[in-house]
Amino acid sequence: MKGIVFTEFLEMVEEKFGLETADKVITTSKVENGGAYTAVGTYNHKDILEMVTALASLINSPVSPLVKVFGHHLAKVFVKKFPDFFSSQKTLFDFLISIDGYIHVEVRKLYPEAELPTFSHRKIRENCLELTYKSQRPFADLASGLIDGCIEHYGEKIKVSYQDLDDNGCHRRFTLVRELI
Ligand code: HEM
């Protein structure tokens, strides 16, 4: 997994829970290189799960909502770092459809070693999009948080529901309904 995910996770922990907690997350999770991540490096994706689990026990929270909060944070980071991906799509649905066929394709060009999920989509109606996350890695909660952050960015009134298609967070179908005005 690319280092940007790790550096942003630790930044978020520091920002929301303080430097001391961020340090404890690194020391108690026993991750490979003592938390010395660079944005362009590549690391084991299990380390991020180790760190989220360490944070969860430090602040006495379940893991899943924390991963989702991190996804929301990551969406904001992406808006700042990659504004063109957002400005080139007028609506949230167009943006989400563009992840699989465009955004992650460009990410792969930049980082051939990137481990990316797939998103298939089905436009059910004009105001209803079904988006299916599938990965070799269990980051469905991260996808949930990323979607929430993108909804916030586009400022549209959207209701999200989902159905898990496996038991380990690798396969989730989201249904997004846009309120008509
Ligand atoms: C500007 C927008 C985006 C950029 C630049 C981007 C880029 C990336 C990068 C660099 C990774 C890490 C790859 C690796 O670790 O090897 C990643 C992973 C991931 N992306 Fe995106 N992404 C974007 C939008 C989204 C959105 C909106 C979603 C969700 C709807 C999403 C879902 C995911 C998930 C869940 C992963 C974790 C890996 C996995 O599940 O297998 N991405 N993305």
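Which residues line the second largest pocket? Glu8, Glu11, Glu15, Lys16, Val69, His72, His73, Lys76, Val77, Lys80 and Lys81 do so in this predicted model. Residues are numbered from 1 along each chain as its sequence is written. In the model, local features need pLDDT of at least 70, side-chain atom pairs count only at pLDDT 80 or more, and totals for chains, interfaces and linings use all residues, while side-chain values use heavy atoms, with hydrogens and water left out.

**Pockets and cavity**

Rolling a probe the size of a water molecule over the atoms shows where empty space is left. On a 1 Å grid over the protein atoms alone, a pocket is an open set of points with protein on both sides within 12 Å along at least five of seven lines, a cavity is a set of points where a 1.4 Å probe fits but cannot get out, and lining residues have an atom within 4 Å of a point. Grid points are joined across faces, edges and corners, and a volume is the space filled by probe spheres set on the points.

| Space | Volume | Element giving the most lining residues |
|---|---|---|
| Largest pocket | about 790 Å³ | H6, eight residues |
| Second largest pocket | about 220 Å³ | H4, seven residues |
| Largest cavity | about 50 Å³ | H3, three residues |

Helices (H or I, at least four residues) and strands (E, at least two) are DSSP runs, numbered from the N terminus. In the lining of the second largest pocket, H1 and H4 each supply at least two residues. By class, this lining has two nonpolar, two polar and seven charged residues; Ala, Val, Leu, Ile, Met, Phe, Trp, Tyr, Cys and Pro count as nonpolar, Asp, Glu, Lys and Arg as charged, and the others, Gly among them, as polar.

The largest pocket has a volume of about 790 Å³. Of its 33 lining residues, Phe78, His104, Val107, Leu116 and Leu146 are the closest to its centre. Two or more lining residues come from each of H1, H4, helix H5 (83–87), H6, strand E2 (128–134) and H7. The lining of the largest pocket comprises 27 nonpolar, two polar and four charged residues.

The whole structure holds one cavity of 30 Å³ or more. Met1, Val5, Ile48, Leu49, Val52, Val67, Phe70, Phe139 and Leu142 line the largest cavity, with helix H3 (45–59) and helix H4 (63–81) as the elements that give two or more residues. Its lining has nine nonpolar, no polar and no charged residues.

**Helix packing**

Two packed helices are described by the angle between their axes and the distance between the axes. Axes are lines fitted to C-alpha atoms, for helices over the stretch in contact, and angles run from 0 to 180 degrees between N-to-C directions.

Helix H1 (residues 3–17) and helix H2 (residues 19–29) cross at roughly 140 degrees, and their axes come within 7 Å. H1 and H2 are therefore oblique to each other; angles under 35 degrees count as roughly parallel, over 145 as roughly antiparallel, 65 to 115 as roughly perpendicular and the rest as oblique. In contact (heavy atoms within 4.5 Å) are Phe9, Leu10, Val13, Glu14 and Phe17 of H1 with Leu19, Thr21, Ala22, Val25 and Ile26 of H2. This contact has eight nonpolar, one polar and one charged residues.

The axes of helix H6 (residues 92–110) and helix H7 (residues 140–154) lie 10 Å apart, at an angle of about 140 degrees, and H6 and H7 are therefore oblique to each other. Leu92, Phe95 and Leu96 in H6 meet Ile147, Cys150, Ile151 and Tyr154 in H7. By class, the contact of H6 with H7 has seven nonpolar, no polar and no charged residues.
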